[in-house]
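Keep the sequence and the 3D view at hand as you read.

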Amino acid sequence: MIKKTAQWKSDTHVVLLVFLLWTSRVNGSSWQCSEERLVHSRDFVHSTILAGSYLSYNLSDPILIQHPCGKYFSGGIPPALYLGEKVFISLDRFESSLLPLTISQTLVTPPALVSDATFVRNSRVLLVINGKVYIYFYIWKSWLETEGIDKPVTKITNSDCCYSISDPICNQIDTFVLAYNTGDSANKSNIFYSNDGGYTFSTLYISTHPEDFLIAVYNFVSIAQIGTLYNQSEGITNGSAYFTYTGTSYMNNRTGVFFSLRAYKNENILTITPPGLRGFIMVWTKNDLVFSFNHGLTLEPISVLPTEKYVNHSLPKHEKGICNVAVTSNEVAALTKNHKLFYGTLDILSTKMVLIGERNSTEQMTHCETLMFDATGMLTIFNPVPSNKSGLYNFHKCTINLQNRLMNVRPHLQPCPVETLSGDFHNKMYYIDMKKELHFNITFVPKPGTGAFPYVTVSNPHLLGFRGRLSEDGYTYDGNTKYHLQITAVQQQFSGMAEYGYHDDYYYQRMATLTVDIYNKGIFCIDMHPLTALITLDCPPTKHIRPFKNVTVCSKGHMLESKLQDNFYYLIHRDVYDPAFLGRHDLDQEDLNISYSYKLFGCPILWYYDNPWLPILELWEDDKFVEYVAADFVLFEMNGMHNYDYLLTASEAKCISEPQNWSKTFQMQPFPDPHTSWTRVNYKNCKVPNDEDPLVSSNLKYQVLNLNEENRIIFSQYNGIYIFKVTVVDTIYSYCELSTIISVYVLGALPESQIHPAGMLTGILILILGSILTGYFFPKLLNMREHAKMKSL
């Protein structure tokens with residue numbers, strides 16, 4: 001791959017026609033560009049000549065779809081898809097000539113009209129072509145038709161989790177895809193979902209407003225909702241669009257505020273979701289551009305700051321209205337049909353934009369141009385240009401330095417009121433385990449006299465709460481006061497700050513974003529982006545437990561590690577195990593030959609059989625010891641051994657309801673499996689009142705262990721190895737499914753006698769009785785014999 005790239009670089013001559021002139025005209029362009037060029041190459045890298053149907057966008061104005069997670073791609077350059085009269089996919093921000101994208105006619109009969117597309121992870125793009133969904137693997141340049149969609153669809157969407165490419169929860173977010181059709185009333189709309197990144201789909205059934213018209217469907221990850229956007233009629237409307245939600249109880253079937261969304265009949269209503277999972281949404285037509293920072297619960301129209309060149313407070317409308325919108329996580333640009341370019345920043349107070357430039361040419365363009373953010377504060381307007389000598393398309397680019405343009409706006413914009421806003425948690429993903437906290441530190445330096453201060457928001461306050469403390473932290477080199485903001489993020493359920501019932505009704509595998517921004521900072525703060533972290537209430541992936549081993553058979557010299565590693569086997573007597581884990585005795589079976597895995601179990605713990613035993617568990621995270629586990633846990637012997645018992649009974653353990661045990665949990669399952677039968681999901685603490693399961697037998701053995709309690713394992717008179725699977729079942733200790741394996745070598749038990757104690761006792765008693773009788777009658781017999789002898793004489 002490296003050789004191919006090097007060879008392409010040596011063989012390809014990329015011609016960059018750089019004008020660097022504010023008023024230059026290339027290919028009819030008259031934007032005041034910071035840099036203007038026509039990019040073309042003699043060769044092409046990521047295009048392939050494929051026989052088939054050329055793809056074409058079914059709307060008149062082209063759009064650009066960029067993968068939002070640029071940092072996960074080579075060189076930080078995400079793939080991009082241009083949808084217009086021709087469709088192009090680029091892996092280098094259109095810095096080389098491309099061939100139009102085609103699809104085999106065996107999959108799609110011409111014309112191949114694309115109505116929507118979305119990127120999934122970093123390997124494929126899903127396109128809706130002629131009402132069906134197809135996957136294009138742009139690395140391998142191959143197509144695949146998806147399964148499960150049996151009715152026409154027009155739109156497709158997913159949410160991108162750009163905080164971690166390897167995190168399993170981020171993967172679940174990325175691969176959840178929604179496909180649906182618009183243009184009909186809700187009762188005729190088809191909504192499908194996929195959990196595997198678009199390979200297979202299933203029908204999604206949600207409560208709808210049957211007479212209204214479906215505009216869009218969203219996966220609102222940070223509030224765990226499916227959001228749907230409706231319009232009440234097809235014609236020009238006022239105040240008739242609204243969101244509905246399906247999900248958790250506090251949001252289920254809730255309707256957001258009604259807002260104005262004026263759209264002509266047959267006009268497409270377009271939406272865009274900025275990356276970051278913060279709940280930002282933009283919806284636009286040629287008459288309206290509205291913005292929501294809270295998943296559509298409230299929406300406000302975007303207004304314009306009047307300037308010398310644009311004195312209006314609103315964006316152009318009707319035939320001069322918006323034709324293209326581009327966003328990043330904190331910037332937005334809009335282009336209108338009358339060739340005016342507007343720019344703004346995104347935060348919860350950002351509902352204003354400013355005119356940044358306009359086309360000076362009187363030439364009438366038949367379609368809108370395309371917008372693309374190259375970097376923070378750098379926007380490119382570009383169009384494909386067909387080559388006269390080949391089937392390749394070149395790209396005319398006009399790059400605008402937004403910071404320079406903002407400095408030339410008159411009257412002057414409000415200057416940025418802050419010098420520094422920094423925190424090392426930005427764009428990172430964190431986990432909060434049960435009853436745990438996260439601590440974030442922010443450095444904040446306002447400009448003197450501005451009165452600027454930071455504010456903190458969370459995308460789902462039902463799930464996540466926080467406490468903040470702002471304090472002075474010295475001075476900068478310029479003598480400005482430096483502040484330190486310390487934020488403690490907690491789960492709302494355990495925060496003690498919310499009213500009863502306010503917290504989320506589902507306590508884990510949920511997420512929210514926490515953002516720190518500057519209040520009313522204005523459009524001019526391009527480089528002062530908000531600080532955002534994604535926080536998930538779930539088990540941290542690296543959290544696990546280990547057995548504490550202070551004395552082992554290896555450390556005491558009873559066994560050598562080399563012997564345990566060299567195909568070591570041991571026998572379990574047929575009387576002490578049950579392969580069904582039911583504790584049955586006197587089974588007709590053979591001794592069990594076990595191969596010991598040193599790699600899994602290590603050296604067994606050495607334990608004397610006559611001592612009660614309690615496993616000690618260590619909690620680890622990121623290969624660092626956290627604490628000794630003081631939580632309820634259970635165990636079973638993995639080979640079915642049952643010659644051990646528990647020290648305490650239910651009454652001795654102070655149970656007030658019936659305690660759980662292995663027999664009881666097995667009886668409740670048709671196919672009992674000790675690995676899954678008793679976990680934190682179904683655990684019930686017997687020390688909590690339970691009217692449905694009162695304490696019946698106080699002599700029942702208590703089979704739950706805890707570091708802070710007296711219950712122990714009692715071994716029988718048996719020497720051998722036990723392999724225990726230990727599982728933490730405490731429901732309020734952690735969201736993790738914590739389990740580990742402990743091997744124990746029990747010794748010290750003398751061989752059991754082969755003489756029956758009752759028979760032995762009976763024999764002794766008979767012997768004693770016989771001795772007494774002999775001592776009593778033998779002298780009498782001698783006397784009688786002597787008397788008879790004397791008589792005969």
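## Cys69 and Cys162

The sulfur atoms of Cys69 and Cys162 lie 1.9 Å apart, and the two residues form a disulfide. Keep in mind that this model is predicted.

Are its two ends buried or exposed? Cys69 has 5% relative accessibility and counts as buried. Cys162 is buried as well, with a relative accessible area of 14%. Both values fall under 20%, the cut-off for calling a residue buried.

## Cys161 and Cys170

Now move to Cys161, which forms a disulfide with Cys170, with 1.9 Å between the sulfur atoms. Cys161 counts as buried at 2% relative accessibility, and Cys170 counts as buried at 0%.

## Cys416 and Cys525

Another disulfide joins Cys416 to Cys525, with an S to S distance of 1.8 Å. This link is right-handed, with 110 degrees about the S-S bond. It links distant parts of the chain, 109 residues apart: Cys416 is in the loop between helix 3 (402-407) and strand 31 (418-422), and Cys525 is in the loop between strand 37 (510-518) and strand 38 (531-537). Both Cys416 and Cys525 are buried.

How many disulfides does the structure hold? There are eight, including the pairs Cys69 and Cys162, Cys161 and Cys170, and Cys416 and Cys525.

Notes. Residues are numbered from 1 along each chain as its sequence is written. This is a predicted model: local features need pLDDT of at least 70, side-chain atom pairs count only at pLDDT 80 or more; totals for chains, interfaces and linings use all residues. Side-chain values use heavy atoms; hydrogens and water are left out. A disulfide is a pair of cysteine sulfur atoms within 2.5 Å. Buried means under 20% relative accessible area, exposed over 50%, partly exposed in between (1.4 Å probe, protein chains only). Helices (H or I, at least four residues) and strands (E, at least two) are DSSP runs, numbered from the N terminus.
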